[in-house]
Amino acid sequence: MNKKAVLAVIAAGALVVSLAACSSTRTTTPAASGGTSSKGALVGIAMPTQTSERWIKDGAAIKKDLEALGYKTDLEYANNDIPTQVQQISTMITKGAKVLVIASIDGTALSTQLDNAAAAGIKIVAYDRLINGNKNVDYYTTFDNYKVGVQQATSLLTGLGILDDSGKETGKKGPFNVELFAGSPDDNNATFFYNGAMDTLKKYIDDKTIVVQSGQTDFKTVATLRWDPATAQKRMQDLLAKSYSAGAKVNGVLSPYDGLSIGIISALTAAGYATNALPVITGQDAEVGSVKSIIAGQQYSTIYKDTRKLGKEAVTIVDNLLTGKKVTVNDTKSYDNGKKVVPTFLLQSVVVTKANFEDVLVTGGYYTDADLK
Ligand code: GAL
């Protein structure tokens, strides 16, 4: 190495040291002692928002498990604001993170950061939501999102009595008035959920067992930007005013996420639906307020995704990457991000209703009985 190069290395080292010195945010923690040389490496964890309980649990679980393995972590939440997330990821790169675990807000907005990360040798793990349009996404871990949509629609059909508990048709033909909601159009998962649900409902819409009075069935029309509960509440209000003012009742609502279900329930009760006579309303994430609503007989179902398992899977991928071990995946065809099919580890979700919440959520240790009081 010539003198100039040596000086450059020293300067870079000094920069890292000074950045490390000023980076002691609430969520950046020192590594536990011991372990191999990659132990102690910094892992950036970029989460979308703290307004939804699940991301708080996800972030906390990943941070805890990585630190138990001896890694440093930088956990950041972006308030569902894309420029904030872009900035947070850029800072993680500057701080010298070796792996980034990213649950994106907009799956297409991070390409520059991913290119910069790859140029610096940083590995990228897409967490729960796929990052689109960039070849530098190394791995992805999530739940089987298409199946989540199938489960949501199936529970809607069960709640309406079109299917029995074993999934067999009961012969009930309705017609049932159902309105449809989808998630954020910039979240890759939202399309998977909606496609899974609509493939399941199509037959019943075609034979008019289910009638969408508003006529709104197209993904773009029923999507809810940033998964915002207030947006869903407003759209439900509008649907009630436009399509149900003559006295027809809504019998079911396909809702892709508990937060939206809460907004939808508010619109329905404000329009005069009694809390014990609400339509069959689905959800996702088993958030505590929504599980309470299920127990109270308001929301009908949710989809439980054990964030502890997803967090553990992400940690396993990170650890294998940093210790040079083989990363295990179980899906190499479903998640094409437009530039590559991203190797994925898929987990399975469970439908939760009033009938099984105790078994699944309490016996499973996700909640205590006291949490649900
Ligand atoms: C999705 C996620 C869902 C739900 C939703 C809103 O990407 O898969 O579980 O959390 O975002 O936060």
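I started with the helices at the ligand. Helix H2 (53-68) and helix H6 (188-206) each give at least two residues to the shell around the ligand. I note that this is a predicted model.

Next I listed the shell. I find Arg54, Trp55, Asp128, Arg129, Asp187, Asn189, Phe193, Trp227, Gln284, Asp285 and Lys305 around the ligand. I sorted these residues by class: 6 are charged, 3 nonpolar and 2 polar.

Then I looked up polar distances to oxygen atoms of the ligand. For aspartate 285, a polar side-chain atom sits 2.6 Å from a ligand oxygen. For asparagine 189, I read 3.0 Å from a polar side-chain atom to an oxygen atom of the ligand. For tryptophan 55, the corresponding value is 3.1 Å, again from a polar side-chain atom to a ligand oxygen. I also checked cover: the ligand taken alone exposes 300 Å², and the protein buries 98% of that.

I turned to the domains. The chain divides into domain 1 (33-137 + 306-342) and domain 2 (145-305 + 368-372). Which domains supply the shell around the ligand? I find at least three shell residues from each of domain 1 and domain 2.

Last, I looked at how the two domains meet. Their C-alpha centres lie 31 Å apart. The contact involves 17 residues of domain 1 and 14 residues of domain 2. I get a buried area of about 1400 Å² between domain 1 and domain 2, with 36% of it from carbon and sulfur atoms. On the domain 1 side, Glu53, Asp306 and Tyr335 lose the most area to domain 2. Together these three residues make up 33% of what that side buries.

Technical notes: Residues are numbered from 1 along each chain as its sequence is written. This is a predicted model: local features need pLDDT of at least 70, side-chain atom pairs count only at pLDDT 80 or more; totals for chains, interfaces and linings use all residues. Side-chain values use heavy atoms; hydrogens and water are left out. A residue is near a molecule or strand if one of its heavy atoms lies within 4 Å of it. A polar contact is a pair of N or O atoms within 3.5 Å; within protein, one must be able to donate a hydrogen and the other to accept it, and residues adjacent in sequence count only if both atoms are side-chain atoms. Accessible areas come from the Shrake-Rupley method with a 1.4 Å probe; for residues, only the protein chains shown count as cover. Helices (H or I, at least four residues) and strands (E, at least two) are DSSP runs, numbered from the N terminus. Ala, Val, Leu, Ile, Met, Phe, Trp, Tyr, Cys and Pro count as nonpolar, Asp, Glu, Lys and Arg as charged, and the others, Gly among them, as polar. Domain bounds come from an automatic or database domain assignment. Contact means heavy atoms within 4.5 Å. Buried area is the accessible area (1.4 Å probe) that two parts lose on being put together, summed over both.
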